Amino acid sequence: MVSPTPFSDTPATTSSALNGDSRGANPDPELLAQLESAVQRRFPETIEQLIELARIPGIAWEIFDPAELQRSAEAVAELARSIGLDDVQILREFTEDGKPGGPAVIARRPARPGKPTVLLYAHHDVQPPGDRALWESDPFQPEQRGERLWGRGVADDKAGVLAHIAALSAVTEVLGEELGLGVTLFIEGEEEAGSPTFRTFLEKHRELLRSDLIIVADSVNWKVGTPALTTSLRGLVSGVVELEVLDHAVHSGMYGGPVLDAPTQLARLIATLHDASGEVAVAGLHRGEEPTIDYPEADFRQDAGVLEGVELAGSGSLASRLWAQPALSVIGIDVTDVASSSNTILPSARAQLSLRLAPGDDPQTAMTALQQHIEKHAPATACVRFIPGEQGQPFRTDIDAPAAQAMLWALQEAWGNEPVAMGMGGSIPFIADLTELYPEAEILITGVEDPDSRAHSANESLHLAEFQKAILAEALLLARLNQP
């Protein structure tokens with residue numbers, strides 16, 4: 001983890017394709033003012049475009065209407081055309097069993113000789129709304145209240161889509177014929193479903209998406225008023241634990257005692273995954289270096305909604321616990337619900353485990369460690385099976401690379417406040433695919449959200465003033481990369 005403290009206005013020299021003149025110099029103050037004016041003048045329209053896009057319930061999960069996902073892709077394609085991108089395609093690939101993946105939008109303008117190409121990534125699919133009773137307003141009818149816009153996808157990640165559209169629109173308006181930068185807009189349509197066809201998509205369209213710099217607008221800023229560049233991500237492995245004790249349910253009074261019910265035994269097995277302090281107890285997992293910045297506990301409690309009197313788990317700094325240590329959660333359990341329960345010993349239960357990995361860990365090694373832990377601690381009074389799930393590599397960026405330095409400059413210009421180079425506890429598994437297939441490209445992970453955006457939760461929201469600054473920062477970066 002790198003310190004957020006001073007960075008150079010001049011990018012460091014590396015072997016990146018953005019080295020030399022192509023990395024750009026800081027635009028002059030007049031150009032900066034013109035870009036800020038263009039972003040500000042267009043911002044009301046940008047908000048309306050975001051609202052219209054967020055009204056489309058494009059969800060890539062199989063149980064939801066795929067027509068809405070296609071409608072969302074078509075709306076994104078139209079936005080791309082509206083800012084002068086003529087080469088626009090809606091493409092999709094298929095899983096190994098023949099199921100169609102989510103529709104992705106690719107829109108391109110070629111680079112002039114000597115200019116770099118930037119790939120702008122976001123995703124247009126969204127999480128399901130969940131329990132609508134928890135929402136203060138209709139999740140698919142975005143509503144502005146005060147300084148925030150509320151609704152499913154307004155932050156994650158349709159704000160990312162519109163950040164790219166609005167930034168590129170402003171740069172095109174201000175620079176006109178002087179814009180020689182190559183741009184590829186890549187808006188995925190299945191990220192919230194785990195990107196099942198992403199790798200296949202990249203391999204098939206590898207040359208179409210080749211670029212010198214990849215900007216992933218799908219992260220979070222440090223807090224309202226302080227921007228951030230995400231410099232590390234935790235990896236991910238998941239799996240399902242299935243536990244059985246009987247071949248059918250039996251009366252709890254007649255058979256209770258010699259046979260422990262499946263939920264009780266599953267709970268005992270799950271309890272072995274953490275020690276008494278709440279740290280992950282799976283042997284063989286990596287722990288990263290202590291970050292040089294910390295997350296104030298009061299801020300964390302407020303951002304996460306920790307209840308009063310609840311102690312925090314683990315040890316070490318909060319930043320370490322969030323970014324540099326593994327974290328294991330039970331994210332789903334299949335048992336009989338209370339309302340439907342009867343006096344029976346339940347024969348089976350299962351749980352979905354989600355294990356976040358510290359940067360530097362290996363997903364396959366971690367998956368093996370998790371499986372071995374389950375097998376070692378499986379009770380003799382039950383039959384236990386572990387089913388491995390998805391895997392995702394951790395990620396770390398080089399903050400001294402030219403594009404990272406240019407992005408930090410742009411963030412400071414847009415916010416008027418020094419940015420933070422921060423880790424993120426979450427995982428973006430497809431980043432590993434981008435890194436492997438495009439080793440020559442720098443990858444930057446930028447944020448349109450703030451800690452109170454509540455992505456994936458009820459009452460998701462976007463801070464509009466921060467959104468405008470995120471657009472300006474990207475516009476400044478694109479203008480800088482275009483500079484001779």
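**Figure 1. Three elements each supply at least two residues of the lining of the largest cavity: α10 (402-415), β17 (442-449) and α12 (464-482).** This is a predicted model, in which local features need pLDDT of at least 70, side-chain atom pairs count only at pLDDT 80 or more, and totals for chains, interfaces and linings use all residues. Residues are numbered from 1 along each chain as its sequence is written, and side-chain values use heavy atoms, with hydrogens and water left out. Helices (H or I, at least four residues) and strands (E, at least two) are DSSP runs, numbered from the N terminus.

**Figure 2. The lining of the largest cavity, residue by residue.** The lining consists of Ala163, Ala217, Asn221, Ala228, Met407, Leu411, Thr446, Gly447, Val448, Ala470, Ala473 and Glu474. Eight of the lining residues are nonpolar, three polar and one charged. Here Ala, Val, Leu, Ile, Met, Phe, Trp, Tyr, Cys and Pro count as nonpolar, Asp, Glu, Lys and Arg as charged, and the others, Gly among them, as polar. The largest cavity holds about 90 Å³ of space. Across the whole structure, the search finds three cavities of 30 Å³ or more. A cavity is a set of points, on a 1 Å grid over the protein atoms alone, where a 1.4 Å probe fits but cannot get out; lining residues have an atom within 4 Å of a point. Grid points are joined across faces, edges and corners, and a volume is the space filled by probe spheres set on the points.

**Figure 3. A salt bridge between Arg148 and Asp450.** The two side chains meet at 2.8 Å, N to O. Arg148 lies in strand β5 (residues 148-150) and Asp450 in the loop between β17 and β18 (461-463), so the pair ties together parts that are 302 residues apart in sequence. Both Arg148 and Asp450 are buried. Buried means under 20% relative accessible area, exposed over 50%, and partly exposed in between (1.4 Å probe, protein chains only). A salt bridge is a side-chain nitrogen of Lys or Arg within 4 Å of a carboxyl oxygen of Asp or Glu. By this rule the model has 26 salt bridges.

**Figure 4. Arg199 and Glu203 pair in a salt bridge.** Their side chains meet at 2.9 Å, N to O. Both residues sit in helix α4 (residues 198-204), and because they are four residues apart, about one helical turn separates them. Arg199 is partly exposed, at 26% relative accessible area. Glu203 is partly exposed too, at 47%.

**Figure 5. Glu440 meets Arg210 in a salt bridge.** The N to O distance is 2.9 Å. This pair links distant parts of the chain, 230 residues apart: Glu440 is in the loop between α11 (430-437) and β17, and Arg210 is in the loop between α4 and β7 (213-220). Glu440 is partly exposed, with 32% relative accessibility. Arg210 is partly exposed, with 31%. Salt bridges that share partners also join Arg199, Glu203, Asp433 and Glu436 into one network.

**Figure 6. Leu357 in strand β13 (residues 348-357).** Leu357 is buried, at 0% relative accessibility. The C-alpha atoms of Leu357 and Pro394 are 6.8 Å apart, while 37 residues separate the two along the chain.

**Figure 7. Val330, Ile333 and Val335 form a nonpolar patch on the surface.** Together they have about 220 Å² of accessible area, from the Shrake-Rupley method with a 1.4 Å probe; for residues, only the protein chains shown count as cover. Patches are made of residues with over 30% relative accessible area and no salt bridge: like charges are joined within 9 Å, nonpolar side chains (Val, Leu, Ile, Met, Phe, Trp, Tyr) within 5 Å. Val330 belongs to strand β11 (residues 327-334). Val330 counts as partly exposed, at 34% relative accessibility.

How values were computed:
1 Å grid on protein atoms, 1.4 Å probe; cavity = no way out; pocket = protein on both sides within 12 Å on 5 of 7 lines; lining within 4 Å.
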